[in-house]
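Here is a short briefing to read with the sequence and model open beside you. Have a look at the display, and then we can walk through it together.

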Amino acid sequence: MTTVVLSIGSNIGDRRARLQSVVDGLAEAVRAVSPVYETEPWGGVAQDPFLNAVVIAEDPGRDALGWLRRAQELERAADRVRAERWGPRTLDVDLVTCRDGDREVICGDDDLTLPHPRAHQRAFVLIPWLAVEPDATLTVDGIVRPVHDLLATLDPDDRAGVRPTDLALS
């Protein structure tokens, strides 16, 4: 049984509908869905704000690369175009971490890096994740760290830039 934490975001078109397409596409695999947050773009490219959320899903037949393929399928279905790094996108589905039973999957090949190498630097990942898994941990530089501790190290402006919305995914 693998469990994955997915960070999802959209800042083009019907942002909420794009996020909902992930929940719908994962269907019975979904175990938890965070509240939806609006966030300023990350990475220095001028663009509109994002809607972000975290989805936790499980599937006994899917390994980490299977989750990556599924995430890419969901992005393609939303007409995702990879034109500019950290640029605007209809849908972004990032694997944050994956567990196989009690073991965190560590992967560093050309196709997939797990845990996500920058998740610990992104309040728009950590805040929604903590909303659905308050005791979450993430391996950073080989050390398992509580996500709430990682969040506390981020700039207060970054944390304040993750704003709750009245939107929900179901």
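Is Asp141 buried or exposed? With a relative accessible area of 77%, Asp141 is exposed (exposed is over 50%, buried under 20% and partly exposed in between, with a 1.4 Å probe and protein chains only). Please keep in mind that this is a predicted model, in which local features need pLDDT of at least 70 and side-chain atom pairs count only at pLDDT 80 or more, while totals for chains, interfaces and linings use all residues. Residues are numbered from 1 along each chain as its sequence is written, and side-chain values use heavy atoms, leaving out hydrogens and water.

**Nonpolar cores**

- The largest nonpolar core has 29 residues, and Leu6, Ile8, Leu26, Trp67, Leu95 and Leu114 have the most contacts inside it (a core is a set of buried Ala, Val, Leu, Ile, Met, Phe, Trp, Tyr and Cys residues joined through side-chain atoms within 4.5 Å).
- At least two residues of this core come from each of strand E1 (2-10), helix H1 (15-26), strand E4 (50-59), helix H2 (64-77) and strand E5 (92-100) (helices, H or I of at least four residues, and strands, E of at least two, are DSSP runs numbered from the N terminus).
- H2 gives the largest share of this core, five residues.
- A second, separate core has 22 residues, including Ala123, Leu126, Leu150 and Leu151.

**Around Trp67**

- Leu26 touches Trp67, and also Leu6, Val55, Ala57, Arg70 and Leu74, leaving aside residues up to four places away in sequence (contact means heavy atoms within 4.5 Å).
- Arg62 lies over the face of Trp67, at 5.1 Å from the ring centre (this needs NZ of Lys or CZ of Arg within 6 Å of the ring centre and within 35 degrees of the ring normal).

**Backbone points to check**

- Most residues other than glycine have a negative phi, and most peptide bonds are trans.
- Ala27, in the loop between H1 and strand E2 (30-33), has a positive phi of about 45° although it is not a glycine; Ala27 is partly exposed, at 38% relative accessible area.
- Asp141 has a positive phi too, near 55°, and lies in the loop between strand E9 (137-140) and strand E10 (143-146).
- The peptide bond from Leu114 to Pro115 is cis, with omega near -10°, and Pro115 is in the loop between strand E8 (113-114) and helix H3 (123-132).

**Arg122**

- Arg122 is found in the loop between E8 and H3 and is buried, with a relative accessible area of 5%.
- Arg122 and Arg159 are 37 residues apart along the chain, with their C-alpha atoms separated by 8.6 Å.
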